[in-house]
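Please take a moment to look at it before I start.

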Amino acid sequence: MGYEIDFNKEVVIITGAAMGIGAAMARVFAKANAQVVIFDVVDEETAKETIAACKEVGPEPLYLKVDISDEEAVKTNVKAVADKYGHIDMLINNAGINKDWDLSFAVNVKGTYYMSEACREYLAKVGGRVVVVTSASVFSGGTGFPAYNSTKAGSYALGMFLAKNYAKEGIRVNTIAPAVIMSKMMVDRFGSEEAVREHYRSIMPLGKMGEAEDIGNVALFLCSHMSDYLTGQLIYADGGRSAIG
Ligand SMILES: NC(=O)c1ccc[n+]([C@@H]2O[C@H](COP(=O)([O-])OP(=O)(O)OC[C@H]3O[C@@H](n4cnc5c(N)ncnc54)[C@H](O)[C@@H]3O)[C@@H](O)[C@H]2O)c1
């Protein structure tokens with residue numbers, strides 16, 4: 001028999017999973033038999049394709065409309081999840097925005113902290129796992145958006161802080177730094193998916209850009225027993241660009 005990751009209905013809260021990378025994460029975790037709970041600021045209607053895609057491969061996800069920069073809303077909704085399922089096992093801090101300084105800080109840094117602290121008592125009971133999504137641009141200076149880069153650096157620093165402070169409670173915290181992932185933002189910039197792919201074909205070491213599911217698979221690894229000895233780690237998920245590009 002080969003290796004298998006089966007979360008056996010463990011509960012994972014994924015922020016910003018209505019669309020983009022978070023939506024792919026939701027599918028990947030549903031397929032691994034996790035009970036996915038989506039926290040996103042948009043209406044449930046916007047997430048209906050993501051919800052349907054999860055249902056096709058695993059347990060029906062729970063959708064909660066939550067602005068993660070609102071601390072009280074975060075506390076109320078995390079408690080509602082714990083009351084409903086009796087446990088919270090994993091948290092993926094994926095939601096991230098590229099807006100002005102204050103908004104970017106409110107979501108990318110404070111939102112990640114509010115979510116982690118609200119989940120902490122439940123995660124501590126079960127050997128919980130936390131994933132933080134930063135960006136490779138933090139380390140390369142790329143993107144051209146100072147508020148984005150600075151606040152994603154804040155998410156990274158916060159991830160390290162959480163790893164250190166949660167370790168004695170048995171909670172593992174690891175960070176993913178994606179780059180060049182197919183997204184709506186990329187398509188808007190280059191005009192079409194094919195134009196995006198063509199642009200990156202010659203630039204990327206592996207001759208291709210990343211897909212949202214690639215990041216979902218890294219998160220899956222970081223939440224699974226396969227990474228039981230990892231905490232406080234940063235994984236670049238960028239097709240080798242930072243290391244050998
Ligand atoms: N796409 C890339 O190439 C790339 C590269 C590096 C890092 N990232 C990071 O990956 C993560 C996901 O990026 P994406 O490209 O899928 O972005 P996206 O814009 O497609 O999705 C972000 C999601 O977060 C939600 N969201 C925004 N503000 C929120 C809030 N206040 N509360 C709850 N949810 C909120 C949005 O509604 C959306 O569903 C982000 O943290 C981003 O910084 C992406």
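This is a predicted model: local features need pLDDT of at least 70, side-chain atom pairs count only at pLDDT 80 or more; totals for chains, interfaces and linings use all residues.

Which residue has an N or O atom in its side chain 2.6 Å from an oxygen atom of the ligand? That residue is Tyr148, and the pair is a polar contact, meaning N or O atoms within 3.5 Å, where within protein one must be able to donate a hydrogen and the other to accept it, and residues adjacent in sequence count only if both atoms are side-chain atoms. Residues are numbered from 1 along each chain as its sequence is written, and side-chain values use heavy atoms, with hydrogens and water left out.

Staying with the ligand, one of its nitrogen atoms is 2.9 Å from an N or O atom in the side chain of Asp67, and a nitrogen atom of the ligand is also 3.5 Å from a polar backbone atom of Val66.

Val66 brings us to Asn77, which touches Val66 along with Phe39 and Leu64, leaving aside residues up to four places away in sequence; contact here means heavy atoms within 4.5 Å. Asn77 lies in helix α3, residues 71-85, a helix being a DSSP run of H or I of at least four residues, numbered from the N terminus. Is Asn77 buried or exposed? Asn77 counts as buried because its relative accessible area is 17%, and buried means under 20%, with a 1.4 Å probe and protein chains only. Finally, a polar atom of the Asn77 side chain lies 2.8 Å from the backbone oxygen of Ala73.

Definitions and conventions
Helices (H or I, at least four residues) and strands (E, at least two) are DSSP runs, numbered from the N terminus. Buried means under 20% relative accessible area, exposed over 50%, partly exposed in between (1.4 Å probe, protein chains only).
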